Amino acid sequence: LNTNFLTFVLSLYIYIVLCLSYQDNYPMPHHLEPTPDEALEDRALLDAIAWPKPPAPTSLNQTSDPVHSLFTILPSKGGRERCVGDQLEALVQMQDFQGRPKRYGGDFLVARLHSPELGAGVAGTVADHLNGSYSALFPLLWEGPAQVTITMVHSSEAVAVLQRLREQRSDRFFFQSLFRSGKLSETSVCNMCLPHNRPQEPLCNYTDLHTGEPWYCLKPKRLSCGTRINHFKGGYKKDLVTHKEALLFQRSGAEPYDQALKNRSIEPGPVKYNPAGYYYKGSWRSFDGTPVRQFDAKLITQCLTSKMINMYGDSTMRQWFEYLTAFVPGEHRHPSLCANDSVAIPHVLLTISNVLVHSLRYVANELDRLPGGPNTVVVLSLWAHFSPFPVEVYIRRMRHIRRALERLLARGPGTLVVIRSANLRALDKEMSLNHSDWFSLQLDRILRNMFMGLAVVFVDAWEMTLAHHSPHNIHPHPDIIKNMISLILTQVCPAKKKS
C-alpha cells in the first residue's frame, strides 16, 4: 500500500462524511456521522480499495504506453507442456512513450484467457508489484487453443486524475427537479451536497426519515418546497481536467498472444487463482459446484410460477427484468412485477431518468416492506449510478441495504437474495471521468466486502463480461444476459436430486 495515499484518504474520511468538496458552505447533517463500529468498518473498506498513487510525471512521454509495454508467458515448471488444471502466468513490464521501463505501479490492467474457436473464456487476475511490473494469472480450464489478452484500461497517471476527481469534485454530476403550482413552474438543482454560498439562498431538505439519507434542492424563488413534482438528470460539469490530462484517457490495448494447451493424464496442480467461473461452448460454468441449468421459455415459466421476484437496481437490472418478462406470459405475472416504479428504479434518488416524486423509493425501505419466505426472491444491482459520488455515500447506502436484508432474512427464512456485481463498460473521455471501470471496480470491492458472510448469492457480472468475447458495454450482450439468468434460475429452481 502507498502509506501516504492511505493516510490521505483516511484523513479525508475523518473530516468529511457526506461531501468530498469539503467546504464550510456545504450542509452536513450531524446524523450521518458513523458509530465507532461503522467507523472501523469504513476504515477497513477504504483499506480494501486503496490504490497506489504515482509520482507526478513531468511530461506525457513519461506516462504508461501499452504500445511500448511488453508481456511474456512464463515457462511452466520443468519446461513440460501445460495441461488442463495448471496455472498460466504472464509477466507484464509497463514502459512509457519513450520505451523506458516504468519504476512504479498503479496502472489499471485487466486480463482474460479465451478461445474464439471453442467459445471459451476466463477472467484473469492481475497483481501489481509496484515497480512497473505486473503478473497476470489464469487457470487452464479447457483442452485446445487459447489466447491471452491484457488490456490497459487506464495508466497509473490517468487513475491519479480519477482519484483527484473523486476526492475534490463530487459535484461533477448533478440532478434537477421541477416545481409546479398552478401555472407557475420552476426548475431547481438538487443533489446530496449542494453549495450554499449565501445565507439568503435557502435549501429544501428531502432527507429520508427512515434511512436518514440526505437529499437537497435549492429552494425555488417563488414556490414552496412542497410543490416538487419530479426528479431527473441535470448533467455533468465540464472542464474538469486539463488538455494534458484529457490525453491520458485515449483508448488502447495490447495484442493477444496465442498459446496452445494440451491435456495429459496427470494429476492437475493447485490453482492459486480461483475465478467465479468460465465460458465453454458459449455457456457459463460456475465454480461453486452447482452445474448451471439451461432454461427455455417453458422451464422459465414453470420455475417462476408461485415465486415473487423483487428486482431493484439500475438499467442493468432492467435488462434482466425485460429478459424474463419476454418469456413469462402475462397471466403468470404479478401486477407489481410490471410496475416500473417498484421493480427497476435505478438507485432511488440517483436515477438519471425522469421520475415522479411519489415514485422515488429507497431500496432499503422497499426491502422492509417485504414479508419474505421460501417463495420470495430479491435481486439487487447496486453500483452503476454511484460512480461519480464519494465512496462514503456508497458505503452508507449499502449499509442501509445490508441491515434491511438482515431483517428480511430474519423474518422470512428461506428468502433467496441475489446480488449482481458491477460489469465493464465502453469508455470514452467523458464516460471515463464520471463512470470509469476503475470507479466500478472500487465500488465492486466495497460491495463484496459489505455483503460477505450474509446468506446471499453473488452473480459475478465483472468476470462474466471480462471473460466474454463481446465488446464491453454497460448493458452486456444478450448472450451474457442469458447466462446470467440461467445462473439465477439455477438458484431459484435447483435441479432435483436423483434418488
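Glu245 and Arg164 form a salt bridge, with their closest N and O atoms 2.9 Å apart. This pair links distant parts of the chain, since Glu245 lies in helix 4 (residues 243-246) and Arg164 in helix 3 (residues 156-168), 81 residues apart. A salt bridge here is a side-chain nitrogen of Lys or Arg within 4 Å of a carboxyl oxygen of Asp or Glu. Helices (H or I, at least four residues) and strands (E, at least two) are DSSP runs, numbered from the N terminus.

Glu245 is buried, at a relative accessible area of 18%, while Arg164 is partly exposed at 24%. Buried means under 20% relative accessible area, exposed means over 50%, and partly exposed lies in between (1.4 Å probe, protein chains only).

## The model and its chain

This is a predicted model, in which local features need pLDDT of at least 70 and side-chain atom pairs count only at pLDDT 80 or more, while totals for chains, interfaces and linings use all residues. Residues are numbered from 1 along each chain as its sequence is written, and side-chain values use heavy atoms, with hydrogens and water left out.

The protein chain has 13 helices and 20 strands. Of its 499 residues, 55% count as buried. Among contacts (heavy atoms within 4.5 Å) with a separation of 6 or more, 77% are between residues 24 or more positions apart.

## Other salt bridges

Side chains of opposite charge can pair when their charged atoms come close. The count of salt bridges comes to 20.

One of them joins the side chains of Glu186 and Arg222, at 3.9 Å from N to O. The pair links distant parts of the chain: Glu186 is in strand 9 (residues 184-191), and Arg222 is in the loop between strand 11 (216-218) and strand 12 (230-236), 36 residues apart. Glu186 is buried at 14% relative accessible area, whereas Arg222 is exposed at 58%.

Another salt bridge, 2.7 Å from N to O, joins Arg448 and Asp444. Arg448 and Asp444 are separated by about one helical turn because they are four residues apart in helix 11 (residues 437-451). Arg448 is partly exposed, with 26% relative accessibility, and Asp444 is buried, with 4%. Elsewhere, salt bridges that share partners join Glu41, Asp42, Arg399 and Arg402 into one network.

## Helix 2 against helix 9

The axes of helix 2 (residues 36-48) and helix 9 (residues 391-411) come within 11 Å and cross at roughly 125°. Axes are lines fitted to C-alpha atoms, for helices over the stretch in contact, and angles run from 0 to 180 degrees between N-to-C directions. Helix 2 and helix 9 are therefore oblique to each other. Angles under 35 degrees count as roughly parallel, over 145 as roughly antiparallel, 65 to 115 as roughly perpendicular, and the rest as oblique.

On the helix 2 side, Glu38, Glu41, Asp42, Leu45 and Leu46 meet Val391, Ile395, Arg399, Arg402 and Arg403 of helix 9. Glu41, Asp42, Arg399 and Arg402 are also the members of the salt-bridge network.

## Around Ser115

Ser115 is in strand 3 (residues 108-115) and is buried, at 1% relative accessibility. Leaving aside residues up to four places away in sequence, Ser115 touches Ala120, Trp142, Pro145 and Ala146. The side chain of Ser115 reaches the backbone oxygen of Pro145 at 3.1 Å. Ser115 and Gly144 are 29 residues apart in sequence, and their C-alpha atoms are 8.2 Å apart in space.

Note on methods: A polar contact is a pair of N or O atoms within 3.5 Å; within protein, one must be able to donate a hydrogen and the other to accept it, and residues adjacent in sequence count only if both atoms are side-chain atoms.
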